[in-house]
Amino acid sequence: MPGKLKAKIVAGRHLPVMDRASDLTDAFVEVKFGNTTFKTDVYPKSLNPQWNSEWFKFEVDDEDLQDEPLQITVLDHDTYSANDAIGKVYIDIDPLLSSEAATVISGWFPIYDTIHGIRGEINVLVKVDLFNDLNRFRQSSCGVKFFCTTSIPRCYRAALVHGFVEELVVNEDPEYQWIDRIRTPRASNEARQRLISLMSGELQRKIGLKVLEMGGNAVVGYLQCFDLEGESGLVVRAIGTACTLDKLIPGSEIKESPLAHGCRSSHNSPVHSACSSQRLSHSQNFSVSVPTLVFTGMGSGISVGKEAGPLKTLLRQQAQSALEQREFPFFTLTCFPPGFLVHIGGVVSARSVKLLDRIHNPDEPETRDAWWEEIRQEIKSHAKALGCHAVVGYSESTTICEEVCILSASGTAAMLNPRFMREGSVCVYSRFDDASPPSCGFCHIPYDEFNMPFPAQLTYCYHCRRQKVPDVLFTTIDLPAEAAVTGKGCLIQARLCRTKKKAQGEVNATAISNLLPFMEYELHTQLMNKLKLRCMNALFGLRIQISVGENMLLGLASATGVYLSALPAPGGIQIAGKTPSDLSYDQHISTMQKRINDTIAMNKELYNIHPPECIEEVVGSPIPDRQRSRLFRSTSESSDELSELDLSHGKKDAFVLEVCYALLRCLSIYLSLSPGFYSCNTEVMPGIYNWTSGLQMFTSVRVYRLNNANLTNQGLNKIFTDLCENLLKSLYFKLRSMIPCCLCHLNFTVAVPEEELIQVRRHTPKNTSPILFIFPINILVKIKLCVFVCFPGSGENEEQLQFSMELCGESTSSNNQPTAKPSVSSVDYGSFADRCSTWLELLRLKAHTIRRGSVKTTSSSERCSPLPEVRSRSLRSTRSLPCGAPVTVVKMTPLSFLPRTRIVKYLGIINMFFIRETTSLREEGGVSGFLHSFIAEVFAMVRAHVAALGGNAVVSYSMKECVFMENPNKNQAQCLINVSGDAVIFVRESDQEAIPPLITCGQTSTTGADGTT
Amino acid sequence: MSVELDVFVGNTTIMDEEVYQFWLDGYTVNDAVKVRMEGGVLEECEASAEVLRSDTMDQYRTFQMCERLLHSPAKLANQLLFQIPPHRQAMLIERYYTFDGVFVREVLGKKLSKGTKKDLDDVSAKTGVTLKSCRRQFDNFKRVFKVVEELKGPLVENIRQHFLLSDKLARDYAAIVFFANNRFETGKKKLHYLTFQDFAFCAGQLIIVHCNHSRVLMRPALIGKEFLQDLKELKILITDKDLLDQHKSLVCTALRGKTKAFNEMEANFKNLSRGLVNIAAKLTNTKDVRDFFIDLVEKFIEPCRSDKWTAGDMRLYLTHYTNSAHILDTFKHQVVWDRYMGVIKSCILKMYHD
C-alpha cells in the first residue's frame, strides 16, 4: 500500500439548470478512484454549490496511481428518478508522483460531458502521499519524468542519454463491443475515454519500468499515438528516449557531458508474418549535380581534409562499438546538446502495408510488436548503408483505412559523438573537434566517399574547406543552433494525390504497396525542385505523411528549407525537352526557363540569400552545365507541377503550359504572402533571431467534399495543392494584424475519411442507417498546431539583428513607428492599454533593447530601471481585470520553449483524450460549429489542468489525433481529440535580468508575480 | 468540391473588431463579406473572397458562442472556455451593450414586454436598424431591467457593477430602465423633436435622489413619500391670488430691461406659473406621471417658443422665477420648491431647443 491519494471537492460554479421547475440544480459529486467511490452531500438548489467536502482518502498501490485517473462525476440529485449526470472531470495524477513536479493539484476544472460539452466548473484539491517502496520487483515506475519535448528540457542537464524505449498496449475498442448496441452513446463514449486514459497510464508505467531498468530517470521526446483499428482493437503505443537528467540549479554553469549507456530497450517478440505485407522504403538522399569546387589559397585545407580520413574511421569504430550493443540506436530527439551530433547522413524511412483482419489474436500486442520490430530493423539497416550508426529525429506513425494499415517510420541517419557513447575518448573528440567546426561539422558526409550508398555530388565544405559535403541535405531534425545559415528559411511542401481502384484485402494492400514507391519518389522530386526554386540546399524537419482512403492515396511532405552556408549553392533548374525540332515548342521552353530563372532570382532576394560567390569568380572556373539539375521525365502518368515535365508523352504543349502556370502560381503565392510573414515547420525560423514573447497557438481544421467521383490524378493534385495553399492564405489573412510574424512548427495533417465507411463501422444503434452517397470523399486537412510568434522589425531593433531585415522593416514601419517614436525610456504603458498586448510586448521589448544597450556604458544602477515598468505593467493588467478571481492566463505552444522567457519548472506531462458527440448537429451550428466549440473546449480543459498544476504554459503541445465523423442525415457527429504537451512554469527573461541587482538590494520576490502575467 | 467544414481556433481567442460590429449590427455573413470586400481588406492582403468568407464565418461562430457569456458579463472574466485579454473583454461587453440612438428613441418609455418585442419589426423598418440588432438591443434593455429591479442601492452604480459597463453607458441604461418603469410618454408628435440624450439627461435629473430600493428608486425622485404632500402644498402659489400677484411683480421687477421678451413674459406669467405648479401637483398621482414630458412641453415650452424666447431668456426667467419665491413671506415651502424647481429648471433648459 505505497500511496495515499487525497481529494477534496470545494465548490462548483456556472452549473447548468437541471430542474426546469426551479431553474436550479441540486448537485452532488462522486469521487472515484479504482473501485472506491466517495460522495459529497447534496447541495440543494444552487448553480454555484459550495460543498467544501472533507478529504476523501484512497489507499492505493502506486501501480494503480500510475494507471488510473481520478474520476470526478457531478450529478443532479433527483428524489424520484435516477440522478442525472451533469458531467465528469478526469484528473491524471501522474504529475504528483514525481518529487520534482507539482505537489498539489488545485483549481477550477471544466465539467465535461461527451454529449453536452462543458457544463460549468468545479473546484478540486488533490494531493498524494507516497511511501518509499524499495521492492525490486515492483510493477510501478513512479518518479520517472516524461517530456513531450524533443530536446533536453530547458532546466535540466542530460547526464546520460540511454536510448530508445518503446511500448505498445492493445485492448478491445468499447465502441465495437456487443454491449455498445444497448448502451447510450454517453456511456459508450465515457467507457472509451476511461479506457484510453487507463491504457496510456499503463503505457507510461511500462515505459517507466524500462527506463528504470536502464538506469535512467526520464523519458524525453515521448510520443504517444493511438491506432483506432476498429474491429481488431485499439492500440496505444509510445516511443521515447530514455535519459538521466540532472536538474540545473539556476545560475549555475550549464555543462553538458552526456554519456550514453549501452542498453537494449525493446523486448523481443516472435515475428508473426502477417500475410501479404509488403514493405518498401528507401533512403532519401537524392543527388543533383554540383559545381566543381576549387580551392583558393587554402593549402592546409587539403592536408587536414586528408588527415580527417583516418580520424573519421577511428571515430566510427568507437561509436559503433558503443552503439552496437543496443538493439535500436534511435533517438526521438530533434534538438541536441552541442557536440552531440557529428555528421548527418540523410533521411531514412520505411513503410509497410499490413492487413488488420489477419491478426491472429488481436487482443495481444505480439503481432504489432513484430511489425514495428521489422520496420525498425529496416531503418537501422538503412542508417548503416549511409555509414551512420544512429538515427535521430526518429518518429513512427500509422494510417488506417478499413483493414489496411500503413506503418511508417522515419528519422535521420547520423553519427553521434563517441564522447556521448563511452567515456575515455575525450581526447579523440577534441582533436576531431578541431578538424570540423560546429557550424558546419554536421554537414560533412559520414559515409565513405569512394563507396557512396547513392549517387551524390560531393564537394569540399564551403565553410571549412576541409571535408566533403553533399550538395543537398534532407533531415527530420531541427536546424542545429550552431549551424551557419545564409538568409532566411521557408516552409516547403510537396503534395500529391494518387487514385487507386477500390479493392479489398490483399489486392488492396498490394495495390497500395505498389503505389507507395512512386509516391515517395514524386514527393521527393517535388521537394527537390521547390527547394531549388527557392535557391536553398537543405531541408530540416522533413515530415512525410501518406494517408490512405478508399480510392485514393494522399501524400504530404512538409519541411523547412534553408541555405546552409557550408553546402554548395544549388544549381538552377533547366528544362530539357526530349523531342525538340518544333520551333514554337522551343520557344515555350525558353520562356519557361526564363520564368524559372526569374523566380529563383526573386526568391534569392526574398529570403535574403546572398552566398559569397567570389570563389567562382576569382578562379574563373566555368560553371558547367552540370550545375543545373536536369529534370528528366518520370515514367509515371500522374503527377504534379514539376515532375509533370513528361515531355515525351504526347500532349506536350498542354503540359508545358500547365507547368508554366503551376510554377508561376506557386511563385506568385509565395511572393504575395511574403511581406512580414514567414512560415516554417521547425521550432525556430532559420535566419530570424529577434523573437518577441507575443505568441499565439491555433488549430485549424478543414474538410472538403469532392463531388466528382471520377477525378484524375492530375485534377486531384491540383485540388489538393489549392487546398493547402488556400489554407495557408487564410492563415495569413487572419493573422494580418500581427505582421511581422512567423508561423513556426506548422504541422499539416491530412486524412481521407470515407463517409460510408464510418457508417458501416459503427454498429451502434445511433448510426446504423447506410449512407446514400456513392463516392463521397472528404479530404480532411488539418493544420493542427502552429505557433505564431511576432517579432519586431523596425529600425530600433537593428542592433539586435544578426542579419538585416529589410522586408519586415518596411511592413512594420507604418504600424509601429508612431507608437514607438517617443523616447523609449519614458514610454507610458498606460496609454496603450487598449492596444493589442502584442504591441505592448513589442514596445516593452524595445525599451528593453535600448536599455540593454545603455547598460554597457553606464553604471549598474541603470540596470534596475526596466523593473518598475515591468512591474507596473503587470499590476495594471491585474487591476484591469473586471472582477472576481482572474483566470490564470495559460500559454500554449508547440515549441519546446517560449521566446524571451525562461522555463523554471516542468510540472508534468499533459496527455488527454476527449470524445464529443452530438445528436443535434444543426442546432449546434453544423459541423463547423460543433468542431469549433469542441476544440475551444479542449483548449479550455488543457489550460485548466495546467493552471491547477500551478503552471502558466504548455510547451511542446500537440494535437496528436483529431478524428471527425458525421452523419448529417441523422443530425449526428462525433469527434475524438488527443492532445499532449508539457506543463511548465515560465518567467520572462527580462524579469530575470532585472532580478540580480535587486537581490543585492534585498528584494527577492518578483519572479512569481510577474510569471503569471 | 465544396468546403464542408472550416474551423480556426486560437488559444487566445482572435477577434476582429470590425467583424464584431457587423455581427452586432445584425449583418448576415454574406452581407458582412460584401461590406468587407468593399472596404478594401482584400487589396491589403491579396486574399480571395473565399478566404474572407471563411474568416467571417469563424468570427461569427466565436461571437455566437460568446453571446451567452455576454448576457452576464461578470461570467466572461472567470469562464474558462475562451482566453480573452481583459481589455478585449471590456471591448466586447461595451460594444455588445451599446445601442442605437434612433432605436432606443422608439422604445423609450414603452413597457419592455413581449408585445413590444413583437412590434420590433415595425421599429426596424422605421429606423433602418436590422431586426436582429433591434432584438439584441431590446433584450439588453430587458435584461438590465430585470436584474436591476431586484437590487438595492444606487441605480447607476448597480448597472455598472453588474454589467461592467462604462459610466456613460451605465447612466444611459439607468435612464432607459427608469423610463420603462414609469412608462413616460415619449412618442407623441410634440415630443418628436427631443433626442434620447435629452430624455436621458432629464432622467438623470429625476433620479438623483438615493433610496434604498430600486423599485422605489426607479420612480421619479420627486415622488418620494415625504414630498408627496409637500408638492401639493406648492399649489398655494397659484391658488392664492395675492401670492401669485406678488410673485409676478417680484419676477417682473427683476427682469425689466434685461430681455427683449419682457412683455411676453409679463403677459404670460400667470399661465406659465400655473403650468409648472400644476405639473408638480400632478406628479403626486402615479398615473399622471407618464404625462410629465408632454405637460412640460405643452404647458411651458411651447408657449415660450411661440413667444420667441431665447435660451438665455429662459434661463433668466427660470432663475428669477425660482428665487423670487423665497422673498414671498407667506410662502413656507422653500425646501420643496428649491428641489422641485432645480430639477424642472435643468429639464426645461435641456429640452428647450428646436
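**Chains A and B: the interface and a helix pair**

Biologist: How much area is buried between chain A and chain B?
Modeller: About 4,500 Å² in this predicted model. Carbon and sulfur atoms give 60% of that area.

Biologist: Which residues in chain A lose the most area to chain B?
Modeller: A:Phe733, A:Lys734 and A:His932. Together they make up 17% of what that side buries.

Biologist: And how many residues does the contact take from each chain?
Modeller: 62 from chain A and 41 from chain B.

Biologist: How many salt bridges across the interface?
Modeller: The rule finds 3. The side chains of B:Asp6 and A:Arg702 meet in a salt bridge, at 3.0 Å from N to O.

Biologist: Which element gives the most to the side of chain A that touches chain B?
Modeller: H16(A), with 13 residues. That helix spans 926–948. Others giving two or more residues include helix H11 (713–734) and strand E26 (695–706) of chain A.

Biologist: New topic. How do the axes of H18 and H19 in chain B cross?
Modeller: At roughly 175°, and the axes come within 9 Å. That angle makes H18(B) roughly antiparallel to H19(B), because angles over 145 degrees count that way.

Biologist: Which residues meet there?
Modeller: From H18(B), they include B:Leu272, B:Leu276 and B:Ile279. From H19(B), they include B:Phe292, B:Leu296 and B:Phe300. By class, this contact has 9 nonpolar, 1 polar and 3 charged residues.

How values were computed
Residues numbered from 1 in each chain as written. Chains lettered and ligands numbered in written order. Predicted model: local features only at pLDDT ≥ 70, side-chain atom pairs only at ≥ 80, totals over all residues. Heavy atoms only, no water. Axes fitted to C-alpha atoms, helices over the stretch in contact; angles between N-to-C directions. Helix = DSSP H or I, 4+ residues; strand = E, 2+ residues; numbered from the N terminus. Parallel < 35°, antiparallel > 145°, perpendicular 65-115°, else oblique. Contact = heavy atoms within 4.5 Å. Nonpolar A, V, L, I, M, F, W, Y, C, P; charged D, E, K, R; others polar. Buried area = accessible area lost by both parts, 1.4 Å probe. Salt bridge = Lys/Arg side-chain N within 4 Å of Asp/Glu carboxyl O.
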